[in-house]
Amino acid sequence: MNTSTSHLVPPPLGALLGRLPAYPGSVMLAGALNVGLADQLPEDVRQILTGKKLRIHVRDARLTFDFTWSGSGFSARAGGGPVDLTISASAYDFLQLAQRREDPDTLFFSRRLSMEGDTELGLVVKNTLDALEMPVLDWQRWAPHRVLARLAPHWRGPGIGPRRPGESRPE
């Protein structure tokens, strides 16, 4: 069963989105993955992903995002060139996957999700997605105060980040 056409990005909008430069979107996706997913990756998966070139292709929106796992987080890559793994689906199916309303196997076997490239890496990614304990795209988890709370430990420095009770800022 394919995604209903009512769930697809309309072709004129897809054509417009496809004209956007890819790198800024890759930066945003890498940042979102770092906030929503990086802390859930087991150490063995982190090691397997290190240095791998990954691509997300949103078919109907004609968007492509290239990124890599640097060992400590996801980072954007300039588009083009060969990649180790490409994951393709419609925008709606990626949303369903992120919200855990569909699982990767169902999407894959219904030909709504495809993975091309390193088969072993694809299985690691699929199994990692299956093992996530909560939806990556839980709207409450993405509330600004919760995102800032998750980012705060990385901001510790003079005048940066939340203050502890009784702590003052240098002037």
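Q: How do S1 and S2 pair?
A: Antiparallel, over 6 bridges. S1 covers residues 53-58. Keep in mind that this is a predicted model.

Q: Which residue in S2 stands opposite Leu54?
A: Phe67.

Q: And the hairpin of S1 and S2, how many residues sit between the strands?
A: There are 4. Arg62 in that hairpin takes a positive phi, near 55°.

Q: What joins S2 to S3?
A: 3 bridges, and the two strands run antiparallel. S3 spans residues 74-76. Thr68 has Ser75 in S3 as its bridge partner.

Q: Which residue in the turn of the S2 and S3 hairpin has a positive phi?
A: Gly71, at about 110°. That hairpin also has 4 residues between its strands.

Q: Why call S2 largely enclosed by the rest of the structure?
A: Because 5 of its 7 residues are buried. Buried here means under 20% relative accessible area. The strand is residues 63-69.

Q: Switching to pockets. How much space lies in the largest one?
A: About 1000 Å³.

Q: What lines the largest pocket?
A: 37 residues. Leu29, Leu33, Ile56, Phe94 and Ala98 lie nearest its centre. The elements giving two or more residues to the lining are H2 (22-36), S1, S2, H4 (91-98) and H6 (119-131).

Q: Which element gives the most?
A: Helix H2, with 6 residues.

Q: How does the lining divide into nonpolar, polar and charged?
A: 30 nonpolar, 3 polar and 4 charged.

Definitions and conventions
Residues are numbered from 1 along each chain as its sequence is written. This is a predicted model: local features need pLDDT of at least 70, side-chain atom pairs count only at pLDDT 80 or more; totals for chains, interfaces and linings use all residues. Side-chain values use heavy atoms; hydrogens and water are left out. Buried means under 20% relative accessible area, exposed over 50%, partly exposed in between (1.4 Å probe, protein chains only). Two strands pair if DSSP finds at least two bridges between them. On a 1 Å grid over the protein atoms alone, a cavity is a set of points where a 1.4 Å probe fits but cannot get out, and a pocket is an open set with protein on both sides within 12 Å along at least five of seven lines; lining residues have an atom within 4 Å of a point. Grid points are joined across faces, edges and corners, and a volume is the space filled by probe spheres set on the points. Ala, Val, Leu, Ile, Met, Phe, Trp, Tyr, Cys and Pro count as nonpolar, Asp, Glu, Lys and Arg as charged, and the others, Gly among them, as polar.
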